[in-house]
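I hope they are handy while you have the coordinates open.

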Amino acid sequence: MTVRKNKSLAARGSELTDTMIQLRILSGAERAALDLPTFEQKLEECGQYPLRPAELEIFQINIGKLCNQVCAHCHVDAGPDKKRENMDRPTLERCLEIIAAVPSIHTVDITGGAPELNPHFRWFVEEVCRLGKQVIDRCNLTVILSNKKYHDLPEFFARHGVTVVSSLPHYSRRRTDSQRGEGVFERSIRALQMLNEVGYGQPGTGLELNLVYNPTGAFLPGDQQSLEAEFKRQLERRYGVRFNHLYCLTNLPVSRFLEYLLETGNYEAYMEELVQAFNPAAVPNVMCRNTISVSWDGYLYDCDFNQMLDLKVAVPGKQHINDFDIEALKQRQIVLNRHCFGCTAGAGSSCGGQIA
Amino acid sequence: MSNDHYLKRDHLKKFGEITDFQEELGSKFFEYYNSVMDEGALTRREKALIALAVAHAQQCPYCIDAYTQACLKEGADEEQMMEAVHVAAAMKAGITLVFSVQMMEDVKKKTM
């Protein structure tokens, strides 16, 4: 166990804010000499290299890095200090044009930071709903209680049929607070109860509330179905909280989780475990194949993790939403690195949980 | 100074190699072992907690390593894991103390 850091890497001036250093660590050139295959090699071994996209279905927008929490494992390095990195209205308007123009996009997945802290959040959700697309909000829960002006978020979500996806790494206070910060568990439970009160997670309402479990340390998640059953049993029994599905996500060695692994001496063993658990059956369903990820400043990435490592889509000259070209994107090769082992370990991992 | 020890951390990783010297029996053992530990009438988490308790009772460092990891992976928390160890400790205490009945009977038989 480590002492939780209450500031982002950027606020602490950590050298890991330099994505080149993170990539050098992942390549084995710095900090730890990894005697491991590359992700490309493993894909080649199972005849799945190069990795190409399928139909674009999910338009994922990282609307900003501003967050009221500083979680120990955050791959975005989000926090209260990230006031500059937030999507502006013209960029959101451009996103809307693309969402409207590409019929295969059925879902708009809004993430952050805490997306709701972006001043254009509610307007944007309304506009996306007007286009008839499903909205997913990746809500950290505590934002709902962080200020009076957010107390009505559950009603707002319900009114627009937004699917709420929220991190709750454990039904135990200690496990949750060790990852997400002191007092987060209690406020998360209260927020979940507020969401339940307006119909989220309740049978027959159609209002979907899904929880995200990611391990609170250097270990891989267990079986999603079994964990979901246990979370449902414990949360209902202890707090009367209900939800629809539990998504199990593997922590990828990026940003603050990478820092945690390095500082606790768990990095090499964790990477070995990810590689050993490589599951070829997970590859066809990795999220980068049907998702495009947009950063707060409008650049395009294969996924949110590539975004945080500043690995833009491999479409020269067309890496920004102002140059969005769906046909060119369909032809691209997905950008890979060793962190990708996180999405293919065991039962696999995506923004929608296990995939194999 | 010699680095030789009877217990070496990396022996756990090599456990699968026991089939090198006797493949059939080793493979049967692992097949049985994996079936036992899989989801059944008891969940994998419950089985991992039982295994963690046994690991402590038997004081096997390999098993403690393996089942600490397995318990975390299956979603158990510190409280549950420590309670499992207390179950082992209580059993050990009980097992020790129940023999005192024999001692007491012997004492009563041999003393005035």
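How many bridges join β3(A) to strand β4 of chain A? There are 4 of them, and β3(A) and β4(A) (residues 163–167) run parallel.

1. Ground rules. This is a predicted model, in which local features need pLDDT of at least 70 and side-chain atom pairs count only at pLDDT 80 or more, while totals for chains, interfaces and linings use all residues. Residues are numbered from 1 along each chain as its sequence is written, chains are lettered from A and ligands numbered from 1 in the order in which they are written, and side-chain values use heavy atoms, with hydrogens and water left out.

2. The sheet. Chain A has an open sheet of 8 strands in the order β6-β5-β4-β3-β2-β1-β7-β8, with mixed pairing. Helices (H or I, at least four residues) and strands (E, at least two) are DSSP runs numbered from the N terminus, and two strands pair if DSSP finds at least two bridges between them. At the edges stand β6 (245–248) and β8 of chain A, each with a single partner strand, so one side of each has no neighbour in the sheet.

3. Strand β2 of chain A. Here 5 of the 5 residues (107–111) are buried, so the strand is largely enclosed by the rest of the structure. Buried means under 20% relative accessible area, exposed over 50%, and partly exposed in between (1.4 Å probe, protein chains only). A:Thr107, A:Asp109 and A:Thr111 point one way from β2(A), and A:Val108 and A:Ile110 the other. Strand β1 (residues 58–62) of chain A pairs with β2(A) in the parallel sense over 5 bridges, and A:Val108 is the bridge partner of A:Phe59.

4. Helix α5 of chain A. In this helix (residues 121–130), A:Phe121, A:Trp123, A:Phe124, A:Val125 and A:Val128 are buried. Their cover includes β1, α4 (89–101), β2, β3 (134–139) and α7 (153–159) of chain A. Just after α5(A), A:Gly132 has a positive phi of about 80°.

5. A:Phe341. This residue is found in helix α15 (residues 341–344) of chain A and counts as buried, at 0% relative accessibility. Leaving aside residues up to four places away in sequence, A:Phe341 touches A:Pro37, A:Thr38, A:Phe39, A:Lys42, A:Leu274, A:Val275 and A:Phe278; contact means heavy atoms within 4.5 Å.

6. Salt bridges within chain A. Over all chains, the whole structure has 30 salt bridges, each a side-chain nitrogen of Lys or Arg within 4 Å of a carboxyl oxygen of Asp or Glu. One of them joins A:Asp77 and A:Lys82 (3.5 Å, N to O), and both residues are buried. Another joins A:Arg173 and A:Glu186 (3.0 Å, N to O). A:Arg173 lies in helix α8 (residues 173–180) and A:Glu186 in helix α9 (residues 184–197) of chain A, so this pair ties together parts 13 residues apart in sequence. A:Arg173 is partly exposed at 41% relative accessibility, and A:Glu186 is exposed at 54%.

7. A buried pair between loops. A:Asp302 forms a salt bridge with A:Arg332, their closest N and O atoms being 2.6 Å apart. A:Asp302 is in the loop between β8 (300–301) and α13 (304–308), and A:Arg332 in the loop between α14 (326–330) and α15 of chain A, so the pair links parts 30 residues apart in sequence. Both A:Asp302 and A:Arg332 are buried.

8. The interface. The contact takes 19 residues from chain A and 13 residues from chain B. About 1,300 Å² is buried between the chains, with carbon and sulfur atoms giving 40%; buried area is the accessible area (1.4 Å probe) that two parts lose on being put together, summed over both. In chain B, B:Arg45, B:Lys73 and B:Glu78 lose the most area to chain A, together 40% of what that side buries.

9. Charges across the interface. The rule finds 4 salt bridges between chain B and chain A, including one between A:Arg175 and B:Glu78 (2.5 Å, N to O). Elements giving two or more residues to the chain B side are α2 (44–57), α3 (61–73) and α4 (78–98) of chain B, and α3(B) gives the most, with 3 residues.
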